Amino acid sequence: MSNKLKKTSEDMSFSLSRWFRKLSTNAPSTFIVTVVVMAYAIFLFGGGLYTLINNPVASYYTSSGGFMFLYPDISSQFGADTIIAVTLYAMGFFGLLTIYQSAKNVSKPRQAYMMMVVGITLLLLSYIFLEGAINYKLYG
């Protein structure tokens, strides 16, 4: 009985050491690391840290009967400001990514052209809407 128990414990320590060695030498995929870093950067650019720290109101109902999703001053923001900004930054990033992918598709000119048009459209739309939001905050 003791030999059987001894053999099981030896096998277990070997399998644990093999598992630990495999876990310590395993590197995460570069794609996953890139996606996580870009998501974190977009979150920071959009004002996510401000939203987490200050816990602002999501939006505001005005007495004239409408909702305000963008805070009318540059010094503060609503929770909806963060969502809008993060969405627009992500749209611009996907536009840049689409433009990059279209440059890699030289063998299929029609597909490359369509991807380039879609990428430029996404990039321009995100830029125009971000500028509009900033102008609204600055000039009311």
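Throughout these legends, a residue is called buried when its relative accessible area is under 20%, exposed when that area is over 50%, and partly exposed in between, as computed with a 1.4 Å probe on protein chains only. The model is predicted, so local features are described only at pLDDT of at least 70 and side-chain atom pairs only at pLDDT 80 or more, while totals for chains, interfaces and linings use all residues. Residues are numbered from 1 along each chain as its sequence is written, and side-chain values use heavy atoms, with hydrogens and water left out.

**View 1. Confidence across the model.** The predictor's confidence in each residue, pLDDT, runs from 0 to 100, and its mean over the protein is 87, with 89% of the residues reaching 70 or more. Helices (H or I, at least four residues) and strands (E, at least two) are DSSP runs, numbered from the N terminus. Among the elements of the protein, helix α1 (residues 2-25) has the lowest mean pLDDT, 63, whereas helix α5 (residues 109-139) has the highest, 95. Where pLDDT is low, the predicted coordinates should not be read in detail.

**View 2. Helix α5 and its buried residues.** Helix α5 has 31 residues and reaches 44 Å from its first C-alpha to its last, close to the 45 Å expected at 1.5 Å a residue, where the expected span is 1.5 Å times one less than the number of residues. Buried residues in α5 are A112, G119, S126, L130, A133 and K137, and what covers them includes α4 (79-104). Just after α5, G140 takes a positive phi of about 80 degrees.

**View 3. Aromatic pairs.** Rings of Phe, Tyr and Trp (its six-membered ring) pair if their centres lie within 6.5 Å, and planes under 30 degrees apart count as stacked, over 60 as edge-to-face and the rest as tilted. The structure holds five such pairs. In one of them, F45 and Y89 have ring centres 6.1 Å apart and planes at 55 degrees, so the pair is tilted. Because F45 lies in helix α2 (residues 30-45) and Y89 in helix α4, this pair ties together parts that are 44 residues apart in sequence. F45 is exposed at 61% relative accessibility, whereas Y89 is partly exposed at 33%. The rings of Y61 and F67 have centres 5.2 Å apart and planes at 65 degrees, which makes the pair edge-to-face. Y61 is exposed at 51%, and F67 is exposed at 54%. Ring pairs link Y61, F67 and F69 into a cluster.

How values were computed
Contact means heavy atoms within 4.5 Å.
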